[in-house]
Amino acid sequence: MASRIMLDLRPAAYVIGLMLVALGGLMLVPGTLDFFAASGNADAFTESAAITAGVGMLVAFAARNGLGREFDIRQAYLLTLGAWVCMPLFGALPFVNGAPGLSFTDAYFEAVSGITTTGATVIVGLDKLPPGMNLWRGMMNSIGGLGIAFVAMIFLPVMRVGGMQFFKVQGYDTFGKLLPRASDIALSLLAVYAALTVACIVTYRMIGMSLLDAVVMGMASIATGGFAPTDLSFSKYPGGAAEYAGSLFMVLGALPYVRYVQMVSGTSAALWHDKQVQALLRWIVYAVALVVIWRLATSDAAFEPTLREAMFNIISVFTGTGFFSGTFSAWGSFGLIVAFIVGMIGACSGSSSGALSVFRVQIMLSAIGTQIRQIHSPNQIIPVRYDGRRVDAPTMNALMFFATAYILALGVLSVAMTLTGVDMESALFAVWCSIGNIGYGVGPAIAPTGTFVDFPLTAKWILIFTMLLGRVALLALFVVLVPNFWRR
């Protein structure tokens, strides 16, 4: 029997090493801000940057002879998972070396939350942090959002994760020709992402936000990350303009990035004809209408503030951003149920948002409708279709398995959280917000500080695992854990 060949780690390690070098370089930006702000925190970034870039260079140097070798599907899984684990590991260093001086667990939790664009935090007193630290939090959201968008466009369709192979279209299959095609897409994506981020920052600044708030919230809005430089999030800017602008840019950040790239290439109609985009906008209207009608019927609140608050918070949950405004946590059972459902759905596949995604929910609804018609007409063969295309069996099987695994993971991990001493409500919403990369926390364990700082140590590690699980599309993590993955 021929011996099995172990997986070559060098191609993925080389890329991850280069990513760490870039991450270390980016740490100098908030370090420079803290230096000029005389916050006393600049050295923390300098030290962290040196460690991160140094390790990255060593890894890239050690794996350099793997450059140019075959980059297959297994390498895609390995690179995807490795990036999401290693980037926050080093991104956490400034939180440990400087203000706020977090423990390793809390620092890694904060960094994972930032890189995965979840937006949950363990830091109390964000307004008192050095400006560079808040800038770093926003940068981690932005880095994660861009990285997720690239993975969603290039890797997930080829990896056949959760039905994403449905989006594998001619011209976007980069394996076997990873460069230059992937680099072309990456440049277009970077240009679009940067343009949206700058537009958001400028808009926030024009409506009255401080420069730091505008930059951090602008990066977090497009990345659908939710990190804010203030404990009050968008409640710091009442009056309407910030909430309306935030709603717009959160939606723009939750649309399929491939459509933006196509728009840059001259196919502007692709975005508006996308069935996901149409469904997302339609479902947002339905959810907001339900909450507004319910709140108006059960309180004496005025219409416009109620509409604005419901729209902002529902969009924030739907897109997995995690910003909040007004009295969201006090909406009551009906409002929280609506929020829970839309958080489970999530925004568009191919964006930085998490959860099940509009595409997968659309397919599941189509499958249910097809099954109902099949019952009425048992002699007919009625295929499941999406946007006029027939959904093949492999795609359908992957999608249904993903949805089942998602719901099962939500239940199992919620129970696991309760075993650490967390109450059931807080546990359920904590896992919900982590696996969907949403960022909101609800329940008695959250209420005192509005953060996850009071959760037990074991519960935090469960949530770290859950955030990574949601970000790498569940199956990508489980595939790497199978022993046969590492052998040919």
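Ring contacts and salt bridges in a predicted model

Arg-360 lies over the face of Phe-402, 3.9 Å from the ring centre. A charge counts as sitting over a ring if NZ of Lys or CZ of Arg is within 6 Å of the ring centre and within 35 degrees of the ring normal. Arg-137 also has its charged end over a ring, that of Phe-227, at 4.0 Å from the centre.

This is a predicted model, in which local features need pLDDT of at least 70, side-chain atom pairs count only at pLDDT 80 or more, and totals for chains, interfaces and linings use all residues. Residues are numbered from 1 along each chain as its sequence is written, and side-chain values use heavy atoms, with hydrogens and water left out.

Rings also pair with each other. Rings of Phe, Tyr and Trp (its six-membered ring) pair if their centres lie within 6.5 Å; planes under 30 degrees apart count as stacked, over 60 as edge-to-face and the rest as tilted. The count by this rule is 19 aromatic pairs. In one of them, the ring centres of Phe-109 and Phe-452 are 5.9 Å apart and the planes are at 40°, so the pair is tilted. Phe-109 belongs to helix H5 (residues 104-115), while Phe-452 is in the loop between helix H18 (424-435) and helix H19 (457-471), 343 residues apart. Helices here are DSSP runs (H or I, at least four residues), numbered from the N terminus. Both Phe-109 and Phe-452 are buried, where buried means under 20% relative accessible area, exposed over 50% and partly exposed in between (1.4 Å probe, protein chains only). Elsewhere, ring pairs join Tyr-204, Phe-234, Phe-249, Phe-312 and Phe-323 into a cluster.

Salt bridges are the next kind of contact. Each is a side-chain nitrogen of Lys or Arg within 4 Å of a carboxyl oxygen of Asp or Glu, and the count comes to 7. Asp-106 forms one with Lys-460, with the closest N and O atoms 2.7 Å apart. Asp-106 is in helix H5 and Lys-460 in helix H19, so this pair ties together parts 354 residues apart in sequence. Asp-106 is buried at a relative accessible area of 12%, and Lys-460 is buried at 6%.

Another salt bridge joins Arg-308 and Glu-243 (2.6 Å, N to O). Arg-308 lies in helix H14 (residues 303-318) and Glu-243 in helix H10, so the pair connects parts 65 residues apart in sequence. Arg-308 and Glu-243 are both buried. Together with Glu-304, these residues are linked in a network of salt bridges.

Methods:
Helix = DSSP H or I, 4+ residues; strand = E, 2+ residues; numbered from the N terminus.
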